[in-house]
Amino acid sequence: MSGLLLPAAIAATPPDEPVPPSVYTYGYGFGANDDGAEGNASTNDPALQGATSEGPQRLAPYECENVGGDVQVCEPETGDGGSAGPSPSELAATEWRRLPIPVPNVRTAPPRGSDGLVGLPEWFWVTNWKTMTGRAAARGVWAEVVARPQSMTIDPGDGRGSVRCTGPGTAYDESRRASRQRTDCSYTYSQSSAHERGGAYRVRVTVVWGGTWTGSDGSSGVLPPLSRSMTFRLRVAEAQGLYGRGDR
């Protein structure tokens, strides 16, 4: 070893069973050299079994790099020059979390800001009910995500339960008579909001979104549901207090 001095008597005495040096210029291993330093490659490495003077016969895919002189470092091949990339399902989950799914834009009839009426259905509908898509890619792998609104739930704020709608609701058309219009997304209050804080009910509308994904390798799947909500105040008055002479 470098820097180590041996007594002359000992140094001059050859070993009883000298180990002949091996010849292998493609790497290094653990054979003893004549000066006691690490020598050339051993063929005990299972990845280099069958090595010859013309080079190693690798049994597994390895990438090798010369690092100086006759020294070569070999590592298992990864196919992309680094660690394995994310799977399509992992990319889909990441894209699902960052997809800008909007808060529902809710309209009502009678409109918010004016009084609803006890006994008169309050219409609800969402104006931004639409499909969204997203795509994520990394290291040659990609995933496409499709998000769709699936249902809407209305908590009217009076403590009497909620209403679930399977779609965005029907927009009220002010140019048509009320008796000629129908919706499956409405709620009828049985008492005014005068006793509520601020004189208005606190209404909460929640839209649930479902997602699916497809990957670059042909895989696909379903994503966990997400929800977005908005809250607003809605005044409801007693109907009899609002009827005038023109309604008789």
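Reply: Start with the classes of relative accessible area: buried means under 20%, exposed over 50%, and partly exposed in between, with a 1.4 Å probe and protein chains only. Here R135 has a relative accessible area of 45%, so R135 is partly exposed. This is a predicted model, in which local features need pLDDT of at least 70 and side-chain atom pairs count only at pLDDT 80 or more, while totals for chains, interfaces and linings use all residues. Residues are numbered from 1 along each chain as its sequence is written, and side-chain values use heavy atoms, with hydrogens and water left out.

Me: What does R135 form with E144?

Reply: A salt bridge is a side-chain nitrogen of Lys or Arg within 4 Å of a carboxyl oxygen of Asp or Glu. R135 and E144 form such a pair, with 2.7 Å between the closest N and O atoms. E144 has a relative accessible area of 34% and is partly exposed.

Me: How many salt bridges does the structure hold?

Reply: There are three. One of them joins the side chains of E95 and R98, at 2.7 Å from N to O.

Me: Where do E95 and R98 lie, and are they buried or exposed?

Reply: Helices (H or I, at least four residues) and strands (E, at least two) are DSSP runs, numbered from the N terminus. E95 and R98 are both in helix α2, residues 88-98, and are three residues apart, about one turn of the helix. E95 is buried, at 8% relative accessibility, whereas R98 is exposed, at 54%.

Me: Which residue forms a salt bridge with D115?

Reply: The partner is R235, and the closest N and O atoms are 2.7 Å apart. R235 is in the loop between β13 (220-234) and β14 (236-237), and D115 is in the loop between β5 (106-109) and β6 (116-117), so the pair ties together parts that are 120 residues apart in sequence. R235 is partly exposed at 38% relative accessibility, and D115 is partly exposed at 32%.

Me: In what order do the strands of the open sheet come?

Reply: Two strands pair if DSSP finds at least two bridges between them. In this model, three strands form an open sheet in the order β5-β7-β11, with antiparallel pairing. β5 and β11 (186-187) are at the edges with a single partner strand each, so one side of each has no neighbour in the sheet.

Me: How many bridges join β7 to β11?

Reply: Two bridges join β7, residues 122-126, to β11, and these strands run antiparallel. Opposite W123 stands S186 in β11.
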